[in-house]
Amino acid sequence: MEFSSKLLEKAVNEMAQLPGIGKRTALRLVLHLLKQPSEQTHFLSNALTTMRDNIKFCVSCHNISDVDVCEICNNPKRNHKIICVVEDVRDVMAIENTNQFKGIYHVLGGKISPIDGVGPNQLTIASLVAKVKSGEIEELIFALSSTMEGDTTNFYIFKQIKDYPLKTSTIARGIAVGDELEYADEVTLGRSILNRIPFENTLKNI
């Protein structure tokens, strides 16, 4: 792709680094910004810079937050004895949109995947186990995607906490095997949470 401007080329190349954005789409987006008032582009760039510089991760659940402890963990109306274990912040958003879960979350930051070089130490599993050891948790809900990596991660965590007196469950398989939570419709996801099953029932499939 030939560019008449090095500035344009640099902007397109940077935009094309975003997931799902190819060079042609990046070019359309950059040209669109050029057609807008300059203030609009400045608002966008300032919002991105401010977010990147000031965003925090909740010290309790590791969800994205503007403050040290996120709004969900700070909410006294949530059930702090039930933790829903998810892969990333997109899953928190997906589940929250169902309005069916009133507990709190724990964001792992990924799934165990040796082929990708992701082991337990790269995830927030240790802090999750520490919460269980505190004795204040009554139920752990595994809400990772129905993939081999998701099942492996669930099983690894289960082995770490199986000797502690708490209930472990997993969302019902209303979510198709291999699907990511963020792509599930709200009704299906909501029902999967409400109709969760004991985790031990899934062990024969691992």
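**Figure 1. Surface and overall make-up of the protein.** The protein exposes about 12600 Å², an area computed by the Shrake-Rupley method with a 1.4 Å probe. Carbon and sulfur atoms supply 53% of this surface. The model is a predicted one, in which local features need pLDDT of at least 70, side-chain atom pairs count only at pLDDT 80 or more, and totals for chains, interfaces and linings use all residues. Residues are numbered from 1 along each chain as its sequence is written, and side-chain values use heavy atoms, with hydrogens and water left out. Eight helices and seven strands make up the secondary structure; these are DSSP runs (helices, H or I, of at least four residues; strands, E, of at least two), numbered from the N terminus. Of the 206 residues, 37% count as buried, that is, under 20% relative accessible area, whereas exposed means over 50% and partly exposed lies in between (1.4 Å probe, protein chains only).

Figure 2. The largest pocket has a volume of about 440 Å³. A pocket is an open set of points on a 1 Å grid over the protein atoms alone, where a 1.4 Å probe fits, with protein on both sides within 12 Å along at least five of seven lines; lining residues have an atom within 4 Å of a point. The volume is the space filled by probe spheres set on the points, which are joined across faces, edges and corners. Of the 16 lining residues, A11, M15, V30, L33 and T41 are the closest to the pocket centre. Helices α1 (6–15), α2 (23–35) and α3 (38–54) each supply at least two lining residues, and α3 gives the most, with six.

**Figure 3. The salt bridge between K56 and D68.** The structure holds six salt bridges, each defined as a side-chain nitrogen of Lys or Arg within 4 Å of a carboxyl oxygen of Asp or Glu. In the pair of K56 and D68, the closest N and O atoms are 3.9 Å apart. K56 lies in strand β1 (residues 56–57), and D68 lies twelve residues away in the loop between β2 (64–65) and α4 (71–74). K56 is partly exposed, at 34% relative accessible area, and D68 is also partly exposed, at 47%.

Figure 4. The side chains of R78 and E96 meet at 2.8 Å, N to O. R78 counts as buried, at 12% relative accessibility, while E96 is partly exposed at 24%. R90 and D88 form a further salt bridge, at 2.7 Å, N to O. Here R90 is partly exposed, at 43%, and D88 is buried, at 16%.
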